Amino acid sequence: MNAETPLFAEQFEAARPALPDGNASWRQLAFDRFAALGLPSQQREAWRYTSLAALRGELTGQALDSAALAETVAAQKIDGALHLVFVAGQFVPELSSALEGIDGLSIGNLADSLDDTTVDQIVLAGGENPDEALVALNGALVSDGVVVEVAEGASITQPIQLIYLGNPTGLVNIRNIVRMQPGSRATLVETALDANAAVLNVVNQVTVAAEARLDHLRVMDDGAGANHIAQTRLTLAEKSHYEGFALLAGGAIARYEVQAVIEGEQAHCGLAGIGLGTGKDVRDVITHVDHAVPNCTSDQTFKNVMDDHASSVFQGKVTVRQDAQHTDAIQSNQNMLLARTATANAKPELVIFADDVKCAHGATVGELDADQLFYLQARGLNEQTARQLLIEGFIADVFEAIGDEALRNHLRGLASTWLHGDGWGDHA
Amino acid sequence: MLEIQNLHATVGDKPILKGINLSVKGGEVHAIMGPNGAGKSTLGNVLAGREGYNVTDGSVSYQGKDLFELEADERARDGLFLGFQYPVELPGVNGMTFLRMATNAVREHRGEEALDGMDFLKLLKGKIADLDMDDALLKRSVNVGFSGGEKKRNEIIQMAVLDPHLMILDETDSGLDIDALKLVSAGINLMRGPEKAIVLVTHYQRLLDYVKPDFVHVLRDGQIVDSGGPELAQKLEKEGYAAYGADEAA
Ligand SMILES: Nc1ncnc2c1ncn2[C@@H]1O[C@H](COP(=O)(O)OP(=O)(O)OP(=O)(O)O)[C@@H](O)[C@H]1O
Ligand SMILES: [Mg+2]
């Protein structure tokens, strides 16, 4: 039992009637797991930089009018994608694409897909140790999400885009379950445009079967006060490929966590991301790639640009278990600080039990280069433009991790928009 | 075009320029030669407005205006071009994008319309053809991984496209192979005109065989210690700088 538990228990009881399967015992089970742990404190290393203070208040709030949001949604939809729109944590079919009729793709919103398998998967994730408490809380309070299954050998060319917005001032819990069957391929994009949620808590459970590939992009374009906490739990089978990319641009707190276990040989796990922060923003990236078997590769590339009093965190852990010979794991975290008051925290951690492996990690912290600035100014660009060009140059190569050109340009455009927004580049 | 009077400048606390006087008129080509460390690049940097170079005395007027009233980028938009001795690498900054932005900054300042991608490409193709060069370099990040000669060529392309009035070319001939030197020289000659002025900083007479200067100056220990016509460069090539005294600066 934890000191905060009574508060959460009250709110849990109040929230249940409105939730799908609200009174089911599995929700109680998940809640009990959460209650036993309580919210992770900032004394825990993995939560040192992410304050959960917003969760200690009221968890429910006013939902926004979904009709008013149609325009916002339209502006963020990726052309040609299959769109699933979640307003205040609930699937809104009227704003979404038709989900039937795509060969090899079975997709539905979670609230309508709560069969035994899915419920087990929800409840059994999280709750083992205090760092996972929010996964358990998500299980207790989940309102919606998707369940996606891509059939064996199927290749879904249309990106699947989940859009989260219109969240109330409370806590929103979304759970997505993605099952990539052997030899299948798909691209999943999550876009959060939340203007005001206290906490958007998204948990993804992804399994990539043999020879399958998932490209998984996350756009954290939340509004100024929002806290967005996203965790992806991932297992990779033989010869499978996962390519994750996250843009941590909006929100007061954007936290991107990936826990990947590589269980099959010759698999590859790529994680890349860009954190942009100003004001007092926190951009927190926590990764753990666990190499359990031999002959696999992983590659992590994260870059941050922090202005004003913003801070970035990269806690990237790679475990190479004793059997995982011939692992090739690289990790790099580069930071650019635009103001003396901005901070970057880079904490790579390699835990290696095998002896024949290649593991490399590097972290750098720098600022804008005066010679480069002068060169641009000597060609007529004003200081502001010169700075933006250099910052965009600094992050440019990270986008190369996105294989699809249209998506790459979409993400580049979003980052560029952020960097041209208010509050950037004037705190030096 | 450019009037430099009694210019003194320090880098950090160190006095480097110690009273430079130089007058450059439209249509003229001046060459500045001098031993390593004499202050040639410092002069270029001071004129271009680099931070950290402090003017402690003297004045410079450019097109009738007090040059030091203008920031570096304003000078550039006003048509002052510094060809860098060591062009800077800009990782992730695409050459084409960069040059179009610079071109439009200059054009807007001149009251001309900004060029869109297509129109810029047209302008660029024309200039590149005049220079007998190709645009492969512009498709990469600016100067990143370029050879020394390629960097210098890239400076010339930028100069041709930006169409400045006063060009200060700091050792643009260094590191060029024989063919590239001819191309670069031809590119510089294309820029000559009654409204244009060029200041060539060079160590070698060879460049001056291709780009005939009207005046040659010797810069030593922060001062112009000799001036003359093209024959002065030939004399320096043979005799070096010994005649101007032992080099205390180095
Ligand atoms: N940023 C700096 N910090 C300290 N000293 C500097 C700096 N820049 C230039 N100097 C010094 O100023 C002096 C003049 O340098 P400058 O680069 O102007 O010489 P130069 O005539 O261009 O020489 P070169 O022919 O070798 O290019 C040198 O002694 C140099 O070390
Ligand atoms: Mg020099």
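Predicted model: local features only at pLDDT ≥ 70, side-chain atom pairs only at ≥ 80, totals over all residues.
Q: Which other salt bridges can I look for, and how many are found over all chains?
A: A search of the whole structure gives 27 salt bridges over all chains. One of them joins Glu89(B) and Lys151(B), with 3.1 Å from N to O. That pair links distant parts of the chain, since Glu89(B) is in the loop between β6 and α3 of chain B and Lys151(B) is in helix α5 of chain B, 62 residues apart. The two partners can be read by their accessibility as well: Glu89(B) is partly exposed at 32%, while Lys151(B) is buried at 17%. Another salt bridge is formed by Arg107(B) and Glu112(B), whose closest N and O atoms are 3.5 Å apart, and Glu112(B) counts as partly exposed at 33% relative accessibility.

Q: How should I read a helix, and what span should α2 of chain A have?
A: The general idea is that an α-helix has 3.6 residues a turn, so residues three or four places apart point the same way. Helix α2 of chain A covers residues 25–37, and at 1.5 Å a residue its 13 residues should span 18 Å; the C-alpha atoms at its ends are 19 Å apart, which agrees.

Q: Which residues of α2(A) are buried, and what covers them?
A: The buried residues are Trp26(A), Arg27(A), Ala30(A), Phe31(A), Phe34(A), Ala35(A) and Leu37(A). What covers them includes three helices of chain A, namely α1 (5–15), α4 (116–124) and α5 (133–141). Just after the helix, Gly38(A) takes a positive phi of about 75°.

Q: Which residues coordinate the magnesium ion, and through which atoms?
A: When you read a metal site, begin with the atoms that coordinate the ion. The magnesium ion (ligand 2) is coordinated by the OG atom of Ser41(B) and the OE1 atom of Gln85(B), at 2.0 to 2.1 Å. These two residues bring together distant parts of the chain, for Ser41(B) is in helix α1 (residues 40–48) of chain B and Gln85(B) is in the loop between β6 (80–83) and α3 (95–109) of chain B, 44 residues apart. Ser41(B) counts as partly exposed at 23% relative accessibility, whereas Gln85(B) counts as buried at 17%.

Q: How many residues of each chain take part in the contact between chain B and chain A?
A: In general, the size of an interface is often given as the accessible area lost when the parts come together. Here the contact takes 29 residues from chain B and 18 residues from chain A, and the two chains bury about 1,800 Å² between them, 70% of it on carbon and sulfur atoms. Two salt bridges are counted between chain B and chain A, and one of these is between Glu155(B) and Arg379(A), with the closest N and O atoms 2.7 Å apart. On the side of chain B that touches chain A, at least two residues each are supplied by α1, α2 (72–77), β6, α3 and α5 (148–162).

Q: Where does Ala386(A) lie, and which residues does it touch beyond those up to four places away in sequence?
A: Ala386(A) is in helix α7 (residues 383–396) of chain A, and Ala386(A) is buried, with a relative accessible area of 0%. Leaving out residues up to four places away in sequence, Ala386(A) touches Leu373(A), Leu376(A), Gln377(A) and Leu381(A).

Q: Is His268(A) buried or exposed, and in which strand does His268(A) lie?
A: His268(A) lies in strand β13 (residues 268–277) of chain A and is buried, with a relative accessible area of 19%. Its contacts, not counting residues up to four places away in sequence, include Leu236(A), Tyr242(A) and Asp299(A).

Terms used: Residues numbered from 1 in each chain as written. Chains lettered and ligands numbered in written order. Heavy atoms only, no water. Helix = DSSP H or I, 4+ residues; strand = E, 2+ residues; numbered from the N terminus. Expected span 1.5 Å × (residues − 1). Buried < 20%, exposed > 50% of the residue type's maximum accessible area, 1.4 Å probe, protein only. Contact = heavy atoms within 4.5 Å. Donors = N, O, S within 2.8 Å, 3.2 Å for Na, K, Ca; no water. Buried area = accessible area lost by both parts, 1.4 Å probe. Salt bridge = Lys/Arg side-chain N within 4 Å of Asp/Glu carboxyl O.
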